[in-house]
Amino acid sequence: MVQNILDYLEASAASCPGKTAYEDLEQSYTYEEAVEQAKRIGSALLAVLPQNAPVPVLMEKRAQTLNVFMGAVYAGCFYTLVEPEQPAERIRTILETLKARIIVTTGELSKPLEELGFGGRVLLAEELAFHEIDEEGLLRRRRTACDTDPLYAIFTSGSTGVPKGVVVCHRSVIDFTEHFTRLFGFEREDVIGGQAPFDFDVSVKDIYPSLKVGATLEVIPKKYFSVPKKLLDFLDDRKVTSLTWAVSALCVISMLKGFRYKVPKRIRRVMFSGEVMPVKQLDYWRSYLPDALYVNLYGPTEITCNCTYYRIDRERRFDGEEGIPIGTAFPNERVFLLDEEDRLLTEPGRLGEICVTGTALALGYYRDEEKTRLAFVQNPLNECYPELMYRTGDLGRYDARGELYYVTRKDFQIKHMGHRIELGEIEAAFQALPGIERVCCIYDEPNTKIMGFYVGEPEAKEIIKQLTERLPRFMIPNIFHKVEGMPITKNGKIDRKALMAEYQEKKTFQ
């Protein structure tokens with residue numbers, strides 16, 4: 001029985017030592033080399049850190065960074081990727097929350113780190129990689145480890161903007177990885193194209209399935225996602241077979257008609273999450289890669305990546321307004337809807353909060369007992385024994401077939417002109433109009449106006465005419481703003497704050 005994520009790495013190193021485990025444009029590590037590097041780094045870290053201590057890693061998205069992650073795990077600790085391009089104040093908040101004794105970085109980033117005023121020890125990854133291996137010390141840490149020990153912490157902002165460190169244990173990742181690889185047929189011959197930043201939980205679905213089956217993880221440079229030709233060349237040249245990407249990353253290719261330039265020949269699996277996939281963009285991918293497996297994945301960071309999946313039937317065509325189901329729960333998880341009085345909802349059409357129980361639940365938020373208590377609660381449907389449930393803050397509904405759909409965030413449910421409105425419902429109708437590529441609706445509460453941002457050809461007059469046939473008058477956006485493209489957060493989601501800021505700036509200069 002697998003009890004530690006390192007069991008995956010070591011098993012693959014034993015069965016295919018010379019196979020490439022992960023690589024980027026500049027560095028490549030075989031499974032044998034990855035184990036050696038991780039043991040060297042782990043030996044250095046266990047000399048200065050107690051078990052289950054946090055290891056903040058201030059490094060770029062590259063293959064070397066994965067060695068540091070595994071090194072932290074060998075030391076019996078857990079890792080947190082600290083994105084170097086984040087604002088200094090956010091980095092300080094993360095380090096203060098962790099109460100970190102050390103931070104691992106590279107020589108090129110050590111000078112900017114000094115400006116943060118970090119009081120702990122700064123360790124350089126390139127130096128740790130030459131530390132002598134302490135097999136006895138590593139073994140001691142491994143013997144006293146539990147599968148409920150933390151593996152990583154990912155900091156998310158949520159609605160408050162204050163970083164929350166979601167702590168996830170080995171058991172949750174192992175359980176998810178076992179089902180993920182089995183359900184979707186991952187094999188040693190797979191080459192996984194890693195799109196996600198390492199401080200985004202989509203990367204977990206790249207790293208650990210790859211280590212488990214002995215596949216190769218290709219770390220795609222972030223800059224390639226703004227240059228579709230380079231991105232497609234990379235996928236083709238590296239013989240990538242599997243994509244588990246944020247929706248916005250897939251839309252980079254489809255909205256710019258990238259496949260007219262090149263269709264990567266080996267892709268056989270396309271999985272997406274993070275936002276609602278526009279049906280038009282999915283249809284574009286399916287038209288060029290009709291034989292690939294397409295899967296819609298749903299779930300927040302707090303439940304170890306995903307709690308539901310929907311395997312898309314090759315023969316099925318989707319209504320652009322209705323959208324794509326989020327599907328059924330992964331094994332060992334329960335996903336259900338609760339109304340505002342915590343009553344179970346099963347009938348079609350009724351809106352409820354998506355809630356989750358099972359082994360995938362995170363341990364909670366690091367050093368934040370109050371927020372943990374609010375989000376991870378006793379399942380109100382169970383009065384017999386303790387059973388933690390995570391409230392996602394997402395609203396969903398069943399259709400007449402009994403299929404579950406994500407509708408919108410609770411944060412995006414507004415009160416406008418006396419009506420309760422889900423912005424996601426407006427977006428779905430808007431997105432389905434001819435000539436519309438991408439949509440984002442935002443409520444400007446101070447001015448009580450619904451803002452409709454979009455990429456597409458039609459003008460506001462035509463959009464209003466068509467939306468009037470689909471939505472009540474009070475749901476029609478008050479302002480329409482055409483944009484060249486949607487600004488994207490580093491996690492691959494539409495940046496709503498940037499959209500509003502761009503609009504306000506343009507309005508100021510008009």
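These exercises work through ring pairs, cavities, a pocket and a helix in a predicted model.

**Exercise 1. An edge-to-face pair and a cluster**

Task: Describe the geometry of Tyr 310 and Phe 318, then list the residues that ring pairs link into a cluster with Phe 186.

Solution: 
- Step 1. Tyr 310 and Phe 318 have ring centres 6.2 Å apart. Their planes stand at 75 degrees, and the pair is edge-to-face.
- Step 2. Tyr 310 and Phe 318 are both buried.
- Step 3. Phe 186 is linked through ring pairs with Phe 176, Phe 180, Phe 184, Tyr 309 and Phe 330.
- Step 4. Phe 186 also has a charge over its ring: the charged end of Arg 269 sits 3.9 Å from the ring centre.
- Step 5. For the whole model, the count is 25 aromatic pairs.

**Exercise 2. Two cavities**

Task: Work out what lines the largest cavity and the second largest cavity, by element and by class.

Solution: 
- Step 1. The search finds three cavities of 30 Å³ or more.
- Step 2. The largest cavity has a volume of about 60 Å³. Its lining includes Phe 69, Phe 198 and Ile 207, along with Tyr 79 and Tyr 152 from Exercise 1. Strands S4 and S7 and helix H9 (204-213) each give two or more residues to this lining.
- Step 3. By class, nine residues lining the largest cavity are nonpolar and two are polar; none is charged.
- Step 4. The second largest cavity holds about 40 Å³. Thr 80, Leu 81, Gln 86, Arg 90, Ile 94, Phe 155, Asp 199 and Lys 490 line this space. S4 and helix H4 (88-98) each contribute two or more of them.
- Step 5. Here the classes are three nonpolar, two polar and three charged.
- Step 6. Thr 80 and Leu 81 line both cavities.

**Exercise 3. The second largest pocket**

Task: Find which residues lie closest to the centre of the second largest pocket, and which class they come from across the lining.

Solution: 
- Step 1. The second largest pocket has a volume of about 260 Å³.
- Step 2. It has 15 lining residues; closest to the centre are Asp 339, Glu 340, Leu 351, Gly 352 and Leu 395.
- Step 3. Strands S18 (352-358), S21 (388-398) and S24 (419-422) each give two or more residues to the lining.
- Step 4. The lining has ten charged residues, three nonpolar and two polar.

**Exercise 4. Helix H14**

Task: Is helix H14 (residues 423-431) largely enclosed or open?

Solution: 
- Step 1. The buried residues of H14 are Leu 423, Gly 424, Ile 426, Glu 427, Ala 429, Phe 430 and Gln 431.
- Step 2. Seven of nine residues are buried, so H14 is largely enclosed by the rest of the structure.

Technical notes. Residues numbered from 1 in each chain as written. Predicted model: local features only at pLDDT ≥ 70, side-chain atom pairs only at ≥ 80, totals over all residues. Heavy atoms only, no water. 1 Å grid on protein atoms, 1.4 Å probe; cavity = no way out; pocket = protein on both sides within 12 Å on 5 of 7 lines; lining within 4 Å. Points joined across faces, edges and corners; volume = space filled by probe spheres on them. Helix = DSSP H or I, 4+ residues; strand = E, 2+ residues; numbered from the N terminus. Nonpolar A, V, L, I, M, F, W, Y, C, P; charged D, E, K, R; others polar. Phe/Tyr/Trp six-rings, centres within 6.5 Å; stacked < 30°, edge-to-face > 60°. Buried < 20%, exposed > 50% of the residue type's maximum accessible area, 1.4 Å probe, protein only. Lys NZ or Arg CZ within 6 Å of the ring centre and 35° of its normal.
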